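Hi everyone, thanks for coming.

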Amino acid sequence: MTARGSIASRSRPRAWVDDAIRLIEADARRSADTHLLRYPLPSAWSGPDADVQLYLKDETTHITGSLKHRLARSLFLYGLCNGWIDENTTVIEASSGSTAVSEAYFAAMLDLPFIAVMPSSTSATKIALIESQGGRCHFVADAAQVYAEAERLAEETGGHYLDQFTNAERATDWRGNNNIAESIYDQMRYETHPCPDWIVVGAGTGGTSATIGRFIRYRRHRTQLCVVDPENSAFFPSYAQGRDVNGSSSRIEGIGRPRVEPSFLPEVVDRMVQVPDRASVAAAHHVSAVLGRRVGPSTGTNVWGAFGLIAEMVAAGRSGSVVTLIADSGDRYADTYFDAAWLTSSGLDPSESLATLAAFETSGAWPS
C-alpha cells in the first residue's frame with residue numbers, strides 16, 4: 001500500500017453511452033405526444049345534472065405502433081444509465097409481442113443485436129414484426145421457459161436481459177418526465193372534467209398501472225385506478241384473494257399473465273375487473289366500428305371495463321370523465337381476432353357480447 005492508500009477503478013469510457021442516450025432522447029423529441037381522443041357517447045345519457053365523457057389515449061401513434069414503445073425506451077435508458085448496456089452488448093428479452101417489436105427498434109437505433117425469446121407457437125405475423133425491426137427470434141418449446149432461457153442467453157453472450165416483467169415499474173420515472181400519466185393529465189387540462197374519475201388500464205407487465213397509480217398519489221389527484229384483466233390471468237384472482245394465485249396463458253394478447261409479475265403493485269390499484277375473453281373481442285370490434293379503424297383486443301378489454309364504470313356514473317346521475325388506452329392497432333390481428341373463422345375455432349364468438357354493447361349504447365345500462 002502506498003502513502004496515498006489504495007485506489008480501485010471500474011469506470012469505462014462513457015462516450016458511447018452518452019451518445020446512445022442522446023439518440024434515444026432525440027428520437028423522443030421528434031415524436032409528438034400520443035393523441036387523446038374523445039369517444040362519442042350517446043348524448044341522450046347527458047341530463048341537466050349529469051354529463052359523462054370517455055377519452056382514449058391513442059398509443060398506436062408511437063413509431064412502433066403500441067403502448068410498449070414507452071416501456072422499451074425506459075428499459076433501454078435504465079440499462080444504459082445503470083451501466084448494463086454498452087456498444088458490445090447483446091440485448092435480450094422474453095417477449096413475443098409488442099414489447100419485443102419496440103425493443104428491436106431501439107436496439108437497431110443503437111446498432112446492437114437483439115434477441116427475443118418466445119414460444120415456438122408464436123404466430124408468423126408477430127415474428128415478422130419483430131424481424132422487420134431487425135430483431136432475431138429464439139424459440140422455446142414451453143412458454144414457461146422463456147424467462148430462464150432469456151437469462152441463459154444473456155449469460156452465454158455476456159449480454160443484458162431487459163426483463164420487462166421485473167423492471168417495468170422500476171425503469172419509468174413515475175413522478176413525471178412526460179410519462180403516460182403526466183401526459184394524460186396535461187392533455188385533459190382544458191376538458192370539461194379535467195381530473196378523471198377513473199383511469200382504466202390492463203395488467204400486462206404491471207408497469208403501466210404502477211406508473212399511473214403512483215403518479216395519482218404523488219400529485220394527490222382524486223382519480224381512482226381500475227385495472228382490467230382477462231379471464232384465466234393470475235392478476236385478478238391474486239388481487240381478489242390477497243395472495244399469489246397461478247393462472248394460465250391469456251387468449252388476449254398483450255395483457256394477462258400466468259403468474260403475478262414483480263412489476264405489478266396491487267396497493268396502488270383501487271379496483272380490478274375480470275373481463276371475459278369474448279367481451280374483450282366484442283369491444284375491440286365495437287370500438288373499431290365506431291372509430292373507423294381497427295384496435296387490438298387488449299383495447300377491447302380496457303373499453304369493456306371503462307363502459308362498466310361509465311354505466312355506474314350514469315345510473316348515479318354523476319358527471320365526470322373516464323380515460324383508458326388504445327394499446328395497439330387491430331391491423332396486427334387481421335388473421336386472428338378480426339377473422340371470423342379463427343374466432344369460431346378458438347371459441348371466441350363475440351356475438352352475445354356485441355349485443356350487450358349495442359344495448360348499452362342505447363340505454364346506458366350495464367349487466368351486473
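Let's start with one cysteine: C195 has 18% relative accessibility, so it counts as buried, a word used for anything under 20% relative accessible area, with exposed meaning over 50% and partly exposed in between (1.4 Å probe, protein chains only). C226 counts as buried too, at 0%.

Before I go on, a word on the source: this is a predicted model, where local features need pLDDT of at least 70 and side-chain atom pairs count only at pLDDT 80 or more, while totals for chains, interfaces and linings use all residues. Residues are numbered from 1 along each chain as its sequence is written, and side-chain values use heavy atoms, leaving out hydrogens and water.

Now, the overall layout. The chain splits into domain 1 (31-62 + 171-363) and domain 2 (68-168), with bounds that come from an automatic or database domain assignment. Their centres, taken over C-alpha atoms, lie 26 Å apart. Domain 1 brings 23 residues to the contact and domain 2 brings 18, contact meaning heavy atoms within 4.5 Å.

How much area is buried between them? About 1700 Å², with carbon and sulfur atoms giving 47%; that is the accessible area (1.4 Å probe) that the two parts lose on being put together, summed over both. On the domain 1 side, A171, T205 and R332 lose the most area, together 36% of what that side buries.

Finally, three salt bridges are counted between the domains, each a side-chain nitrogen of Lys or Arg within 4 Å of a carboxyl oxygen of Asp or Glu. Elsewhere on my list, K126 forms a salt bridge with E253, with the closest N and O atoms 3.2 Å apart.
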